[in-house]
Amino acid sequence: DDAVIAADIGDNALWMASSLVAKRGQRFLTSEHMGIMGFAINAGLAASLYSGWKVSATAAKSGVDKNNSTGGRQQQQQQQQTLIVAGDGGIQMSLNELATLRDHGSRRVLVVVIVNARLGRVQNEMWGPGLRADGCHIGSPDFVKLFEAYGYPCGMRVSTCNRAEISETIEKGWSLANDNGACVIELRQDPLVFPVMHKLKNRQNSRGLIHWETRTRNPTRDALFPQIETDHWKDCQNVLQDWLDSLNAVEKSEPFWFDTGTFASQSPSKILQDLLASPVATMPGGAVPTLFPTHEARVTFDSQFQSSFLNSFPASVIDQVLSTGTSNSHPLCLQLLVCPKEYTFKLHAHPNVELDIPLVGELWEKRYLGVPMDAEILATGSPGMSESKFYVDPSEEELSEICKKLALHDNKKPSKSESGDIVVRVAKQGQVLYNATGTIHQSFTKAHGCLVFALWSGVHANFDTEDVVKSTCHE
């Protein structure tokens, strides 16, 4: 109840502000609007040392020998707990203070590092057409091993939303911090989950809280990446939805392969409009709807799609896609997937990065958390080379053969104890869904069909099972 809590700056501060239940006697340290990244570990260090000094001073006045085993334990137990919460970006700005923490014998310090491989708050504030989150993707060390190198062993990792498991990990963390001085918990954040920033309304308008996100994006979204506007084709929305609902099987458009190195200079809206011609041949009348009636609509879509691409993929992946047209050795393409209603795809792992945007309707998924497949298992080797292109475009027969080679048996499917949980979520119309290489999930539609604009390789590593994933799910 008298713990000192130090929060860093970034998305981690928003998680703290929206999740922490404050108690009387606690102290909460943060740099607030000064925005000092790396603040938490410094503030926590100072708070821990002050708490230790205060206990030592009290013990000296009462005549307790801190070198005596009983007195030392009493002193340790009396010292306040210090909780440090920081992101993987902020904590790397003050890692040297781990040595200070050790040198001065700080005790009962629990450090929680939220790892999302990006400067989340900076990226989130750069949403919008034409804006790029350059430099926001970051790498980070193995924090458990790093803390061990500084003399703090037995760190832990968490990548689940199971509350009992999380509580057990925190309790164990405090016990280790009590024994060793400090302990780290490396928390792996789901890349499609984000915190919400609240701001006060102007007093003259009304009292209360509003979502900061309403100023920059649709507040009904629950995905991390920028929203793609879909009002451009509102005049043909109903026609497209009726067509999707009438289908009985998944159909695909012709693929647009990234084989020439010109993807970055191409117009996504033009590619999308051209790709639509092949699947709509089955539409009554066979007329291709015009998705972008104006030049402004095309420019807006192009800007938002490019922003989604740059925001979603890590910098190393973007470089690989643009310089080779591939991901994990698989050639990439843009393609339309026409999904009928009440359709369930096989449970699969992604052999490469994938970006899915529902243009009409909703795409649902059940996703395993924290158990990616090894990328090497899902690679196929270098694609066929061409003198004038990155690679020779694979045929449908070749893609089918790749799918067979990548087929995964059920015994490779993670168990619930390995995965923690399965999360059920929806990508609504216009939302961007990113899948990293090796992620495992199962897509499906509900009452209505869905038209998906996909950046992928044309293949999945399907498991043998025909059944929908059966486990405890959290929507």
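**Strand pairing around strand 19**

Strand 16 (residues 363-368) and strand 19 are paired in the antiparallel sense, over four bridges, where strands are DSSP runs of E with at least two residues, helices are runs of H or I with at least four residues, and both are numbered from the N terminus; two strands count as paired if DSSP finds at least two bridges between them. Within this pairing, K366 has Q442 of strand 19 as its bridge partner. The model is a predicted one, in which local features need pLDDT of at least 70 and side-chain atom pairs count only at pLDDT 80 or more, while totals for chains, interfaces and linings use all residues. Residues are numbered from 1 along each chain as its sequence is written, and side-chain values use heavy atoms, with hydrogens and water left out.

Strand 16 also pairs with strand 17 (residues 422-427), again in the antiparallel sense, over six bridges, and in that pairing R367 stands opposite V423. Strand 16 is largely enclosed by the rest of the structure, because six of its six residues are buried, a term that means under 20% relative accessible area, with exposed meaning over 50% and partly exposed in between (1.4 Å probe, protein chains only). On one side of strand 16 the buried residues are L363, E365 and R367, and on the other they are W364, K366 and Y368.

Strand 19 (residues 440-444) is likewise mostly covered, with five of its five residues buried: I440, Q442 and F444 lie on one side, and H441 and S443 on the other. Strand 19 pairs in the antiparallel sense with strand 14 (residues 348-349) as well, over two bridges, and here A349 stands opposite I440.

**The cores and what packs on them**

What is the size of the largest nonpolar core, and which residues have the most contacts inside it? This core has 65 residues, and those with the most contacts inside it are F301, F313, L334, L359, F453 and L455; a nonpolar core is a set of buried Ala, Val, Leu, Ile, Met, Phe, Trp, Tyr and Cys residues joined through side-chain atoms within 4.5 Å. Strand 20 (residues 450-456) supplies the largest share of this core, seven residues. Apart from it lies another core, of 21 residues, among them L95, F143, L146 and V184.

Leaving aside neighbours within four places in sequence, F301 is in contact (heavy atoms within 4.5 Å) with residues including I228, W233, L272, L359 and F453. In helix 8 (residues 237-246), the residues Q237, L240, Q241, W243, L244 and D245 are buried, and the buried residues of this helix pack against strand 9 (251-252), strand 13 (333-339), strand 15 (354-360) and strand 20.

A461, which lies in strand 21 (residues 461-462), is buried, with a relative accessible area of 0%. The C-alpha atoms of A461 and H350 are separated by 6.3 Å, although these residues are 111 apart along the chain.

**The protein as a whole**

Overall, the protein has 14 helices and 22 strands, and 49% of its 475 residues count as buried. Among contacts between residues at least 6 apart in sequence, 83% join residues at least 24 apart.

A search of the whole structure finds zero disulfides, a disulfide being a pair of cysteine sulfur atoms within 2.5 Å. The sulfur of C154 is 7.5 Å from the closest cysteine sulfur, in C183, which is too far for a bond. C154 counts as partly exposed, at 47% relative accessibility, whereas C236 is buried, with a relative accessible area of 12%.

**Confidence in the model**

The mean pLDDT of the protein is 80, and 79% of its residues reach 70 or more, where pLDDT is the predictor's confidence in each residue, from 0 to 100. Among the elements, strand 20 has the highest mean pLDDT (96), and strand 22 (residues 473-474) the lowest (38). Over residues 69-77 the pLDDT is below 50, and this stretch has 13 contacts in the model beyond near neighbours in sequence; over residues 415-420 it stays under 50 too, with ten contacts beyond four places in sequence. Where pLDDT is low, the predicted coordinates should not be read in detail.
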